[in-house]
Amino acid sequence: MVDIFSKRDGPRPEDVQIRQVIEQNRGLITKLADHLSNGRYSNSKKPRATPQAEGLIIHIGGSPAAAPEPEARIRVTPNDRIIAVDLHSGRQLLHFGDIRATGNATAFKLATADNSYVAPLDDDIVGVLADMDGVTLGAAYGAADLAADIGRRLDIAPEA
């Protein structure tokens with residue numbers, strides 16, 4: 001046996017009855033809502049004034065304001081990447097390479113195509129830093145020293 005329920009036309013009688021109760025008690029409901037919300041309920045129902053353009057600065061299209069010239073600094077990131085960042089925005093400008101563990105030592109790998117980097121450095125920068133590829137780091141010569149040497153060769157100050 002299959003029972004088929006079809007939707008009736010119009011609202012259910014219990015819905016009609018509850019709507020009538022709400023409409024009959026609208027004043028009391030509003031008064032309680034204002035009491036509980038410290039008057040914010042009625043204030044939220046009032047129409048708000050639309051903002052006027054007088055005294056406002058309105059910019060429509062056009063070219064964006066000129067960004068300041070990037071000022072590069074050398075940074076060693078927490079995940080052992082040696083990068084150049086813009087001092088003003090903090091955006092990465094160049095990625096020089098990574099400090100990687102090789103066996104029982106750590107060494108610097110220059111960001112070149114030969115070292116399997118997807119975005120290798122320009123040939124000019126690689127020419128200046130080529131002899132630093134594979135430099136072993138330790139207690140006497142650490143990541144900060146490496147960053148300072150890269151900065152000296154490229155005339156970029158290390159990050160303070």
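Reply: Happy to! The structure holds nine salt bridges. This is a predicted model, in which local features need pLDDT of at least 70 and side-chain atom pairs count only at pLDDT 80 or more, while totals for chains, interfaces and linings use all residues. Residues are numbered from 1 along each chain as its sequence is written, and side-chain values use heavy atoms, with hydrogens and water left out.

Me: What makes D15 "partly exposed"?

Reply: Buried means under 20% relative accessible area, exposed means over 50%, and partly exposed is in between (1.4 Å probe, protein chains only). D15 has 25%, so D15 is partly exposed. R12, with 47%, is partly exposed too.

Me: How do you know whether E23 and R26 form a salt bridge, and which class does each residue get?

Reply: Their closest N and O atoms are 2.9 Å apart, and they form a salt bridge. E23 has a relative accessible area of 52% and is exposed, whereas R26, with 36%, is partly exposed.

Me: What about R100 and D98: what is their distance, and is D98 buried or exposed?

Reply: R100 and D98 form a salt bridge with their closest N and O atoms 3.5 Å apart. D98 is buried, with a relative accessible area of 13%, while R100 is partly exposed at 35%. Elsewhere, salt bridges that share partners join R12, E14 and D15 into one network.

Me: Why are β2 and β3 called paired strands?

Reply: Strands are DSSP runs of E with at least two residues, helices are runs of H or I with at least four, and both are numbered from the N terminus. Two strands pair if DSSP finds at least two bridges between them. Five bridges join β2 (residues 81-86) to β3 (residues 92-102), which run antiparallel, so they count as a pair. A84 has L94 in β3 as its bridge partner.

Me: What makes the span of α2 "close to expected"?

Reply: The expected span is 1.5 Å times one less than the number of residues. Helix α2 (residues 26-37) has twelve residues and reaches 16 Å from its first C-alpha to its last, close to the 16 Å expected. After α2 comes N38, whose phi is positive, near 60 degrees.

Key. Salt bridge = Lys/Arg side-chain N within 4 Å of Asp/Glu carboxyl O.
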